[in-house]
2 protein chains.
Amino acid sequence: MTQQMETTRRIPLNRDRVLAAAVVLADEAGIESLNMRRLAQELGVVPMALYKHIANKEELLDGMVDVLVGEIDPPVRDAGWKTAVRLRVLSARRSMLRHRWARQVLESRINQTPAVLEYMDSFIGMFLAGGFSADLTHHVMHALGSRMWGFTQELFDDPATPPPASVPPEVQAAMLREIAARFPNIAAVAGAANHDDGSVVGQGCDDQFEFEFALDLLLDGFERFHEQGWTSERAKLDR
Amino acid sequence: MTQQMETTRRIPLNRDRVLAAAVVLADEAGIESLNMRRLAQELGVVPMALYKHIANKEELLDGMVDVLVGEIDPPVRDAGWKTAVRLRVLSARRSMLRHRWARQVLESRINQTPAVLEYMDSFIGMFLAGGFSADLTHHVMHALGSRMWGFTQELFDDPATPPPASVPPEVQAAMLREIAARFPNIAAVAGAANHDDGSVVGQGCDDQFEFEFALDLLLDGFERFHEQGWTSERAKLDR
DNA sequence: GCGGCGGGTGTACGGAGTACACTCATTGAA
DNA sequence: TTCAATGAGTGTACTCCGTACACCCGCCGC
């Protein structure tokens with residue numbers, strides 16, 4: 001009886017369930033709350049049980065990245081390289097936005113898993129299929145950098161630490177004015193983003209617009225180079 | 001006597017010495033070797049002594065970033081925004097290359113220190129002084145992203161883990177051929193970088209060239225926008 | 001001379017990752 | 001039918017971190 005209860009109750013762990021639980025945990029509690037004990041607890045299991053399915057925490061993180069990469073749409077067919085690249089990057093971006101830990105984890109990875117290499121390979125394929133030389137494609141990929149994953153480092157943004165609720169709003173305002181006075185240029189461009197003033201450091205600028213602004217600027221640059229038959233040889237001679 | 005020896009020997013610790021030692025340690029042993037015990041040992045002191053000079057490890061890292069920012073050249077005068085920005089970014093890049101931990105630490109920072117804000121402020125100032133609108137400057141700064149610090153995320157590169165010396169070179173070669181077969185596009189663009197074949201994944205492409213390629217592409221784009229009086233209002237209407 | 005204070009010390013705690021030896025249920029071969 | 005091998009889950013314990021907290025001691029102004 002007890003046996004039966006147990007056998008019916010216990011869905012055996014496996015690598016996929018571990019990864020899925022890790023993703024959910026990181027999504028919901030933040031990547032900093034993802035530790036082996038907590039994850040095990042979430043799965044109703046003792047920490048060391050996890051190690052029967054993954055070698056160590058690094059591999060767990062690698063696996064989580066693979067889950068994420070799996071969510072990115074494949075390249076659209078018959079659309080020209082520019083559209084294909086653009087749409088794919090924006091699809092990647094949607095994945096990244098669903099999983100806020102993605103940027104940090106992706107940047108910390110040291111060895112690329114096959115799934116990641118697969119993504120990069122097919123990404124590169126879009127340029128080659130569009131007639132780009134391997135040479136140009138190479139430099140183009142470098143120029144894209146992490147934008148191929150749909151993210152950039154946010155320099156100002158990110159709620160970060162919303163000032164502890166204890167700080168009265170008038171003091172906050174005073175601090176902001178103080179900052180604005182010390183860093184007038186920052187204040188000026190921050191003000192350009194949201195005319196309703198107030199927040200000085202980013203906050204409330206349209207990240208999606210920023211992202212597409214830079215992406216399109218890059219893609220247009222790539223297009224121009226492609227059309228004029230740019231090669232790195234020539235570029236190096238021109239210097 | 002012993003007293004005298006001690007007083008002459010002990011140069012009292014202070015925040016600057018702690019930070020300097022931390023920078024040296026991170027430079028030489030890698031950021032992952034920088035921990036409070038090791039740093040204290042390096043300074044001939046007990047770990048808790050450090051906490052008399054810095055509040056916690058986060059603040060230590062902040063301080064290290066400040067040291068680094070202090071190494072970046074100020075903007076050149078009388079040169080036009082494009083040259084000024086370009087030179088400054090390349091100066092920043094030289095700092096980053098001297099301190100390999102910089103990228104990781106800078107990206108992990110959550111609150112900007114005054115020194116960092118100062119740098120950003122003066123950076124923004126270069127565009128504004130060049131006649132850029134606050135609006136355009138804002139988007140331009142986003143587009144630059146971490147390139148304002150002189151780095152990008154290296155997607156393939158970085159020696160990472162040079163395969164353990166134990167693996168015989170012929171096996172390595174076989175593995176590379178295997179990878180090249182599975183990821184032909186990656187192989188193609190990697191091949192474009194170094195025709196002497198062999199290394200498939202980056203390794204041996206000219207990072208400095210890649211960096212300047214993308215930087216100039218961006219700067220040219222900024223210039224074009226600036227000349228044609230780009231505004232985000234209009235851009236949003238055009239979509 | 002003395003009391004306070006600031007920089008250095010010692011001890012110890014809690015949270016992380018994980019090595020290692022174990023228990024126990026399942027399963028395929030004898 | 002038995003029994004050994006396997007593989008999943010357990011328990012304990014170790015190491016490495018950051019750092020809280022109580023302490024100690026030498027200098028400096030009164």
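1. In this predicted model, chain B places 39 residues in contact with 39 residues of chain A. Four elements of chain B give two or more residues each to the side that touches chain A: helix 7 (114–129), helix 8, helix 10 (184–193) and helix 11 (207–227). Helix 8 of chain B supplies the largest share of that side, eight residues. Sorted by class, the side of chain B that touches chain A holds 20 nonpolar, 14 polar and five charged residues.

2. The axes of helix 10 (residues 184–193) of chain A and helix 8 (residues 134–144) of chain B come within 8 Å and cross at roughly 95 degrees. Angles of 65 to 115 degrees count as roughly perpendicular, and the two helices are therefore roughly perpendicular to each other.

3. On the chain A side of this helix pair, the contact is made by Ala188(A), Val189(A), Gly191(A), Ala192(A) and Ala193(A) of helix 10. Helix 8 of chain B contributes Ala134(B), Asp135(B), Thr137(B), His138(B) and Met141(B). The contact of helix 10 of chain A with helix 8 of chain B comprises six nonpolar residues, three polar ones and one charged one.

4. The surroundings of DNA strand D are a separate point. There are 15 residues around DNA strand D, and those that come nearest are Leu13(A), Val46(A) and Met48(A) from chain A, with Asn35(B) and Asn56(B) from chain B. The class make-up of the surface near DNA strand D is nine nonpolar, three polar and three charged residues.

Note on methods
Residues are numbered from 1 along each chain as its sequence is written. Chains are lettered from A and ligands numbered from 1 in the order in which they are written. This is a predicted model: local features need pLDDT of at least 70, side-chain atom pairs count only at pLDDT 80 or more; totals for chains, interfaces and linings use all residues. Axes are lines fitted to C-alpha atoms, for helices over the stretch in contact, and angles run from 0 to 180 degrees between N-to-C directions. Angles under 35 degrees count as roughly parallel, over 145 as roughly antiparallel, 65 to 115 as roughly perpendicular and the rest as oblique. Two residues are in contact if their C-beta atoms, placed from the backbone, lie within 7 Å. Ala, Val, Leu, Ile, Met, Phe, Trp, Tyr, Cys and Pro count as nonpolar, Asp, Glu, Lys and Arg as charged, and the others, Gly among them, as polar. A residue is near a molecule or strand if its C-beta atom, placed from the backbone, lies within 6 Å of it.
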